[in-house]
Amino acid sequence: MRSIGAVNYCARRVPSNLLTWGREPDVCNGDAPHRSREMMKFSWDNYKRYAWGKNELRPLTRNGHIGNMFGGLRGASIIDSLDTLYIMGLTEEYNDAKEWVQTSLDLNSNGEASLFEVNIRYVGGLLAAYYLTGEEMYKNKVLELGEKLLPAFNTPTGIPRGVINLGSGTSWSWGWASAGSSILAEFGTLHLEFVHLSELSGNPVYTEKVMNIRKLLNKIEKPHGLYPNFLSPVSGNWVQHHVSIGGLGDSFYEYLIKSYLMSDKTDGEAKKMYYGAMEAIEANLVQKSPGGLTYMAEWRGGILDHKMGHLACFSGGMIGIGADDGAPEKRQHFLDLAAEITHTCHESYTRSATKLGPEAFRFDGGGEATATRLSDRYYILRPEVIESYMYMWRLTHDPKYREWGWEAVEALEQHCRVESGFSGIRDVYTMTASHDNMQQSFFLSETLKYLYLLFSDDDLLPLEDWVFNTEAHPLPVIRRSCAQDEATQDKTSSE
């Protein structure tokens, strides 16, 4: 049986008896990994039964959802689940998914696709499946898809537009984006996958495209050192000064530190940009509430909006994994900040009736870490809080992170599990659940995977060997010093 790490750029090898399919992790809470694995199997079985080949399952109406994010591509839940199924040892389910990719994944589509979503879900999912299993089929598929994304970069600045027709190659900006802008979190969340596309294809064009983005960002002036969320792909200038570590900005910052880590800590430019951004974020956005909660406000032309989105809750984990490589005297400071942000996000869960967190929560008008607007009360199976629990557990082994993860498991089971899958809910503050009838593909890719890893031993996808893209697809650290040795090995051999 092949162990995890079959194709892994000179990563530290781990004993095969620890990382083979079906391994049951040793954890303090013996039921935890079994439970998250069972939740995955339940989610997958219902997707397969009612929505096979569609992008996502609608569990209440028991049918499939296609949506308009993927430009005619199908099977988003399948691609997003490949590595989760493999890691959890759900062998039969993984083989069904693999067969669908082999026989039914049609990359010749003509719809309007989000460059960002196709990259993080499809490109990331296929790359991870290849690196975990060594199956050449995944490599062939992902290189075919990667080539279809390149026309999005045909702009005066090289900053890609947000929407692309995968068939014709025409691209344009989102209609809602300010003045035809590209979005920081979208064009800033390509680096990890595109570097690996260059690694696998031998074609430097993918790396050149993302390095060009970085070059432009370094050149233009940044207000107070901050990166606004909207940038013109025509002029290369900021369109408006809205800064957020949540939606529209979030994963840009994540990919800076992860680019540095994935390069085996050789990408000095990514490191410099990340710590520079952190300095500006701390100086301008990090706030302390009257009740003692640390949070990251949003910035609108110099005026702070005292709210945090659920999406911003990934930042506890991000700051944690970046703590080691900044100035030595700031290491503990960063770890403390990571713990404080993660604690605040946990509070957004614990202060709701369902013990699940709202889409956005505020720190004004007397309330703290709670949604004050009806439109912010929903929860759509998002992973970001659990993601930070996983990273903080790996970094500190403080048992509270596993306890908090278990609380999330119980809340998901009680409020989001329905007869035929898992569904988001419209109001976390009421015990009478109103379900949104959507089992998001990222629930299978991220939420359940991060829960499983939280309760697993640290040597299951160790952080020194793997970097997770923003959809939780694991990509190997690239170690140049032994790349030649790697090239001569049989990449599909078992340990």
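A nonpolar core is a set of buried Ala, Val, Leu, Ile, Met, Phe, Trp, Tyr and Cys residues joined through side-chain atoms within 4.5 Å; buried means under 20% relative accessible area, exposed over 50%, and partly exposed in between (1.4 Å probe, protein chains only). The views below show a predicted model, in which local features need pLDDT of at least 70 and side-chain atom pairs count only at pLDDT 80 or more, while totals for chains, interfaces and linings use all residues. Residues are numbered from 1 along each chain as its sequence is written, and side-chain values use heavy atoms, with hydrogens and water left out.

**View A. The largest nonpolar core contains 151 residues.** Within this core, V101, Y253 and L412 have the most contacts. Helix α5 (residues 115–133) supplies the largest share, 12 residues; helices (H or I, at least four residues) and strands (E, at least two) are DSSP runs, numbered from the N terminus. In soluble globular proteins, nonpolar side chains tend to be buried together.

**View B. Surroundings of L412.** Leaving aside residues up to four places away in sequence, L412 touches M39, L356, Y379, L381, R417, F422, F443, T447 and L451. Contact means heavy atoms within 4.5 Å.

**View C. An open antiparallel sheet has the strand order β6-β7-β8.** Two strands pair if DSSP finds at least two bridges between them. Because β6 (182–183) and β8 (238–240) are edge strands with a single partner each, one side of each is left without a neighbour in the sheet. Strand β7 (residues 230–231) is joined to β8 by two bridges, and the two run antiparallel. F230 stands opposite Q240 in β8.

**View D. Helix α8 (residues 191–201) is mostly covered.** Of its 11 residues, nine are buried, among them H191, E193, F194 and H196. The packing partners of the buried residues of α8 are α5, α6 (136–149), α9 (205–219), α10 (250–262), β18 (466–468) and β19 (474–476). G202 follows α8 and has a positive phi, near 75 degrees.

**View E. T189 lies in the loop between α7 (184–187) and α8.** T189 counts as buried because its relative accessibility is 0%. Residues touched by T189, not counting those up to four places away in sequence, are F116, N119, I120, S251, F252, Y255 and T470. T189 and F252 are 63 residues apart in sequence, yet their C-alpha atoms are 5.4 Å apart in space. A polar atom of the T189 side chain lies 2.3 Å from the backbone oxygen of A185.

Note on methods:
Polar contact = N/O pair within 3.5 Å; in protein donor to acceptor, adjacent residues only side chain to side chain.
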